[in-house]
Amino acid sequence: MSRKILSKLNPFRRKDRGEQAALMSAISDPLLAVDIHNAPLFYNSKFNLLVDDKEIGKRRLWKVIVDHEVVQGYQAALSEGRSTSIKAVQFHTATGTMFFLVTISPLRRSNGKIYGALGVFHDVTELKQAEQMRIDFVANVSHELRTPLTSIKGYTDTLMEDFVAGRPMEEKFIHAIARNTSRLMNLVEDLLDLSSLEAGSVLQKIELETEDITNRIVRQLQSSSGGKKHTVVFQIDSSVVFADPRRLEQVLVNLLDNAFKYTPPGGQITIKWSAPNQDSVELRISDKGPGIPLEHQARLFERFYRVDKARSRESGGTGLGLAIVKHIMQRHGGSVWIESTPGGGATFVCQFPMK
Ligand SMILES: Nc1ncnc2c1ncn2[C@@H]1O[C@H](COP(=O)(O)OP(=O)(O)O)[C@@H](O)[C@H]1O
Ligand SMILES: [Mg+2]
């Protein structure tokens, strides 16, 4: 703790100051105490980091802290001896916006007289971010579920009217209902999958033949993707991988489904299995599609994150494929990342631990 901050430790006797200073700097939460005139009495180095102002000691409280509610909290402690807690107070720091739970209490002398107020700023930024993610997730899920449901309901209602009125059934309505129903089913299945992965479902890791499993998934996807023809190139430099069979299939299906979906017909897709070092086995799936712009890459593995929202939904995806891949790789003790330059296609790399 600097000399200047130490010199602010007025309320303590000189011989106690060293001890108090050490104590304060050991506290991980920023704290600030003011006297009855709203002048800073003491603060720790964490508070100094939070409010990057070299002159804190010379200012009044409202110049140091702009949040009105916090200033009022200090006033309540000073004038009425009341303690307050204020949730999610925002601070704009050099590293970005942070959120704090601020607890303010009066400081009293042994005779009970109030001589100041102490505020403790507890960092709740991560909690706040998690809360925001949960809110966004529920909003996204509801939106994704409603779209096919609205469609199914609309076509069913029309068919019902036709039936009642004795008109002939429209075949294309039935197809639309079937298409939207399977989209809804896929979405619900993906959501359930994600939650079982998050709940920590146990993996059954065994030694698997990379060539067999890859061939099977490619054939399965090629037969279901209709007329769209792609050249698939295999390169098997590592014949085995230690993984959960069902989960590895999911990784392959999700990544290859994207590669087929986002590569124009006739384009080439390369699947390569290798062991880049003694500790890991690597799967690389490269396509010749549009690639993924750098600004989207960091968020690509988030649930429902899509580069081109309209196009991706149209092609029937759930927006959860890559989030599932990421979870599966993490559960295997491995990782997944993307290597892509716009226009140069995309390469998804999955790294599995050797054992
Ligand atoms: N091989 C790829 N080439 C280009 N963009 C891709 C590729 N794979 C994934 N993306 C982008 O990442 C997004 C998320 O993928 P994913 O989680 O599988 O959802 P979905 O395929 O259902 O849209 C896609 O919407 C797309 O914008
Ligand atoms: Mg997908």
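Reply: Two residues are in contact if their C-beta atoms, placed from the backbone, lie within 7 Å. By that test, Leu-203 touches Asp-244, Arg-247, Arg-331 and His-332, leaving out residues up to four places away in sequence. Some bookkeeping comes next. This is a predicted model, in which local features need pLDDT of at least 70 and side-chain atom pairs count only at pLDDT 80 or more, while totals for chains, interfaces and linings use all residues. Residues are numbered from 1 along each chain as its sequence is written, and chains are lettered from A and ligands numbered from 1 in the order in which they are written.

Helices (H or I, at least four residues) and strands (E, at least two) are DSSP runs, numbered from the N terminus. Leu-203 sits in the loop between helix H7 (171-198) and strand S6 (206-209). A residue is buried if 20 or more other C-beta atoms lie within 10 Å of its own, exposed if 12 or fewer, and partly exposed in between, again with C-beta atoms placed from the backbone. Leu-203 has 16 such neighbours, so it counts as partly exposed. Val-34 is 169 residues away along the chain, and its C-alpha atom is 56 Å from that of Leu-203.

Arg-331, one of the contacts of Leu-203, belongs to helix H12 (321-331). H12 is mostly covered, with 9 of its 11 residues buried. Among them are Leu-322, Ile-324, Val-325 and Ile-328. Lys-326 and His-327 are on that buried list too. What do the buried residues of H12 pack against? They pack against H7, H9, S11 and S12. Gly-333 follows H12 and has a positive phi, near 80 degrees.

A residue is near the ligand if its C-beta atom, placed from the backbone, lies within 6 Å of it. The shell has 20 residues, and the closest are Asn-258, Val-307, Ser-312, Gly-317 and Gly-321. Gly-321 is also one of the buried residues of H12. Helix H9 (245-262) and H12 each supply at least two shell residues. H9 gives the largest share, 4 residues. By type, the shell holds 9 nonpolar, 8 polar and 3 charged residues. Here Ala, Val, Leu, Ile, Met, Phe, Trp, Tyr, Cys and Pro count as nonpolar, Asp, Glu, Lys and Arg as charged, and the others, Gly among them, as polar.

Two strands pair if DSSP finds at least two bridges between them. S11 and strand S12 (residues 346-353) pair in the antiparallel sense over 6 bridges. Trp-337 stands opposite Val-349 in S12. Both strands belong to an open sheet of 5, ordered S7-S9-S10-S12-S11, with mixed pairing. Axes are lines fitted to C-alpha atoms, for helices over the stretch in contact, and angles run from 0 to 180 degrees between N-to-C directions. Helix H8 (residues 210-224) lies across S7 and strand S9 (268-277), at about 170 degrees to S7.

Last, the whole protein. The count is 12 helices and 12 strands. The radius of gyration, taken over C-alpha atoms, is 30 Å, well over the 20 Å that the globule rule gives for 355 residues, so the protein is more spread out than a compact globule. That rule is 2.2 Å times the number of residues to the power 0.38. Buried residues make up 25% of the 355.
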